[in-house]
Amino acid sequence: YIEPLADIYETEKEIVAGMEIPGVSKEDVKVNATEDGIEIKCEKKDEIKEENKKKGRYRFERTYSGFYRYFSLPENADVDKIEANYNNGILEIKIPKTGKEMKKRKEIKVK
(Lines give C-alpha, C1' and ligand atoms only; values in the text may rest on other atoms or scores of the structure.)
Protein backbone atom coordinates (compact mmCIF):
# COMPACT_ATOMS: atom_id res chain seq x y z
CA TYR A 1 0.00 0.00 0.00
CA ILE A 2 0.98 3.59 -0.62
CA GLU A 3 0.52 6.01 2.26
CA PRO A 4 -1.23 9.13 0.94
CA LEU A 5 -0.13 12.59 2.04
CA ALA A 6 -2.40 14.14 4.63
CA ASP A 7 -3.07 17.58 6.04
CA ILE A 8 -4.46 17.50 9.58
CA TYR A 9 -5.58 20.46 11.61
CA GLU A 10 -7.62 21.04 14.72
CA THR A 11 -10.19 23.70 15.57
CA GLU A 12 -12.06 24.28 18.82
CA LYS A 13 -14.86 21.94 17.76
CA GLU A 14 -13.29 19.34 15.46
CA ILE A 15 -10.26 17.63 13.94
CA VAL A 16 -10.08 17.72 10.14
CA ALA A 17 -7.96 15.41 7.98
CA GLY A 18 -7.62 15.93 4.24
CA MET A 19 -5.94 13.40 1.94
CA GLU A 20 -5.17 13.28 -1.75
CA ILE A 21 -6.31 9.94 -3.19
CA PRO A 22 -6.33 10.49 -6.98
CA GLY A 23 -7.81 8.19 -9.59
CA VAL A 24 -10.24 6.21 -7.43
CA SER A 25 -14.00 6.25 -7.12
CA LYS A 26 -15.88 6.98 -3.91
CA GLU A 27 -16.96 3.32 -3.71
CA ASP A 28 -13.29 2.21 -3.49
CA VAL A 29 -12.66 4.25 -0.30
CA LYS A 30 -13.34 2.63 3.10
CA VAL A 31 -13.11 4.53 6.40
CA ASN A 32 -13.28 2.67 9.74
CA ALA A 33 -13.10 4.25 13.18
CA THR A 34 -12.64 2.93 16.71
CA GLU A 35 -12.23 4.78 19.98
CA ASP A 36 -8.47 4.67 19.47
CA GLY A 37 -8.03 5.58 15.82
CA ILE A 38 -9.29 5.93 12.29
CA GLU A 39 -8.25 3.77 9.33
CA ILE A 40 -8.52 4.80 5.68
CA LYS A 41 -8.19 2.09 3.02
CA CYS A 42 -8.59 2.25 -0.72
CA GLU A 43 -8.24 -0.67 -3.11
CA LYS A 44 -8.60 -0.34 -6.85
CA LYS A 45 -8.47 -3.23 -9.29
CA ASP A 46 -8.64 -2.93 -13.08
CA GLU A 47 -8.70 -5.56 -15.78
CA ILE A 48 -8.01 -5.05 -19.49
CA LYS A 49 -9.00 -7.69 -22.01
CA GLU A 50 -8.19 -7.41 -25.70
CA GLU A 51 -8.66 -10.04 -28.33
CA ASN A 52 -8.01 -9.84 -32.06
CA LYS A 53 -8.62 -13.25 -33.63
CA LYS A 54 -7.64 -12.08 -37.13
CA LYS A 55 -4.16 -11.08 -35.98
CA GLY A 56 -3.87 -13.88 -33.42
CA ARG A 57 -3.46 -11.51 -30.49
CA TYR A 58 -4.84 -11.84 -27.01
CA ARG A 59 -4.00 -9.55 -24.10
CA PHE A 60 -5.20 -9.77 -20.52
CA GLU A 61 -3.80 -7.40 -17.90
CA ARG A 62 -4.67 -6.77 -14.28
CA THR A 63 -3.59 -3.76 -12.29
CA TYR A 64 -3.95 -3.24 -8.58
CA SER A 65 -3.32 -0.18 -6.49
CA GLY A 66 -4.05 0.66 -2.90
CA PHE A 67 -3.74 3.36 -0.28
CA TYR A 68 -3.65 2.96 3.49
CA ARG A 69 -3.43 5.44 6.35
CA TYR A 70 -4.05 5.13 10.10
CA PHE A 71 -4.35 7.97 12.61
CA SER A 72 -4.58 7.80 16.38
CA LEU A 73 -7.47 9.82 17.81
CA PRO A 74 -7.42 11.90 20.98
CA GLU A 75 -9.63 10.84 23.89
CA ASN A 76 -12.07 13.68 23.25
CA ALA A 77 -12.88 12.59 19.66
CA ASP A 78 -16.55 11.76 19.05
CA VAL A 79 -16.24 8.67 16.82
CA ASP A 80 -20.03 8.32 16.50
CA LYS A 81 -20.30 11.60 14.57
CA ILE A 82 -17.37 11.32 12.14
CA GLU A 83 -18.14 12.47 8.59
CA ALA A 84 -16.18 11.64 5.43
CA ASN A 85 -16.55 13.30 2.02
CA TYR A 86 -14.71 12.42 -1.19
CA ASN A 87 -14.67 14.91 -4.06
CA ASN A 88 -12.28 15.34 -7.02
CA GLY A 89 -9.60 13.05 -5.57
CA ILE A 90 -9.65 14.65 -2.09
CA LEU A 91 -10.93 12.78 0.96
CA GLU A 92 -11.94 15.03 3.86
CA ILE A 93 -12.70 13.55 7.28
CA LYS A 94 -14.25 15.67 10.03
CA ILE A 95 -13.99 14.33 13.58
CA PRO A 96 -16.05 16.32 16.11
CA LYS A 97 -14.83 16.72 19.67
CA THR A 98 -17.00 15.63 22.59
CA GLY A 99 -16.32 18.72 24.68
CA LYS A 100 -14.88 16.57 27.46
CA GLU A 101 -11.40 17.41 28.55
CA MET A 102 -8.69 14.90 27.95
CA LYS A 103 -7.63 12.94 31.01
CA LYS A 104 -5.22 14.77 33.23
CA ARG A 105 -1.63 13.70 33.05
CA LYS A 106 0.84 13.57 35.85
CA GLU A 107 4.56 13.37 35.40
CA ILE A 108 6.17 10.61 37.43
CA LYS A 109 9.73 11.17 38.56
CA VAL A 110 12.11 8.37 37.74
CA LYS A 111 14.19 7.39 40.76
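Biologist: Why is Arg69 called buried?

Modeller: The structure is a predicted model, and in it Arg69 has a relative accessibility of 18%. Buried means under 20%, so Arg69, at 18%, counts as buried.

Biologist: Where does Arg69 lie, and what makes up its surroundings?

Modeller: Arg69 belongs to strand S5. Apart from neighbours within four places in sequence, Arg69 is in contact with Glu3, Pro4, Leu5, Ala6, Met19, Ile38, Glu39 and Ile40. A contact requires heavy atoms within 4.5 Å.

Biologist: Ala6 is on that list. How do you know whether Ala6 is buried, partly exposed or exposed?

Modeller: Its relative accessible area is 26%. Buried requires under 20% and exposed over 50%, so Ala6 falls in between and is partly exposed. Ala6 is part of strand S1, and its contacts beyond four places in sequence are Gly18, Met19, Arg69 and Phe71. Its C-alpha atom is 16 Å from that of Gly23, a residue 17 places away along the chain.

Biologist: How many salt bridges does the whole structure contain, and what makes the pair of Glu10 and Lys97 one of them?

Modeller: The search returns two. In the pair of Glu10 and Lys97, the closest N and O atoms are 2.5 Å apart. The limit is 4 Å, so the pair qualifies as a salt bridge. In general, side chains of opposite charge can pair when their charged atoms come close.

Biologist: Are Lys81 and Asp78 buried or exposed?

Modeller: Lys81 is exposed, because its 55% is over 50%. Asp78 is buried, because its 14% is under 20%.

Biologist: Asp78 also lines the largest pocket. What makes up the rest of that lining, and how does the lining divide by residue type?

Modeller: Besides Asp78, the lining holds Glu35, Asp36, Leu73, Pro74, Glu75, Ala77 and Val79. It divides into four nonpolar, no polar and four charged residues. The volume of the pocket is about 150 Å³.

Biologist: Which residues touch the most other members of the largest nonpolar core, and which elements give it two or more residues?

Modeller: The core has 17 residues, and Met19, Ile21, Val24, Ile40, Leu91 and Ile93 touch the most other members. The contributing elements are strand S2 (14–20), strand S4 (37–52), strand S5 (57–72) and S7. As for Val24, its contacts beyond four places in sequence are Val29, Cys42, Lys44, Phe67 and Tyr86.

Technical notes: Residues are numbered from 1 along each chain as its sequence is written. This is a predicted model: local features need pLDDT of at least 70, side-chain atom pairs count only at pLDDT 80 or more; totals for chains, interfaces and linings use all residues. Side-chain values use heavy atoms; hydrogens and water are left out. A salt bridge is a side-chain nitrogen of Lys or Arg within 4 Å of a carboxyl oxygen of Asp or Glu. Buried means under 20% relative accessible area, exposed over 50%, partly exposed in between (1.4 Å probe, protein chains only). Helices (H or I, at least four residues) and strands (E, at least two) are DSSP runs, numbered from the N terminus. On a 1 Å grid over the protein atoms alone, a cavity is a set of points where a 1.4 Å probe fits but cannot get out, and a pocket is an open set with protein on both sides within 12 Å along at least five of seven lines; lining residues have an atom within 4 Å of a point. Grid points are joined across faces, edges and corners, and a volume is the space filled by probe spheres set on the points. Ala, Val, Leu, Ile, Met, Phe, Trp, Tyr, Cys and Pro count as nonpolar, Asp, Glu, Lys and Arg as charged, and the others, Gly among them, as polar. A nonpolar core is a set of buried Ala, Val, Leu, Ile, Met, Phe, Trp, Tyr and Cys residues joined through side-chain atoms within 4.5 Å.
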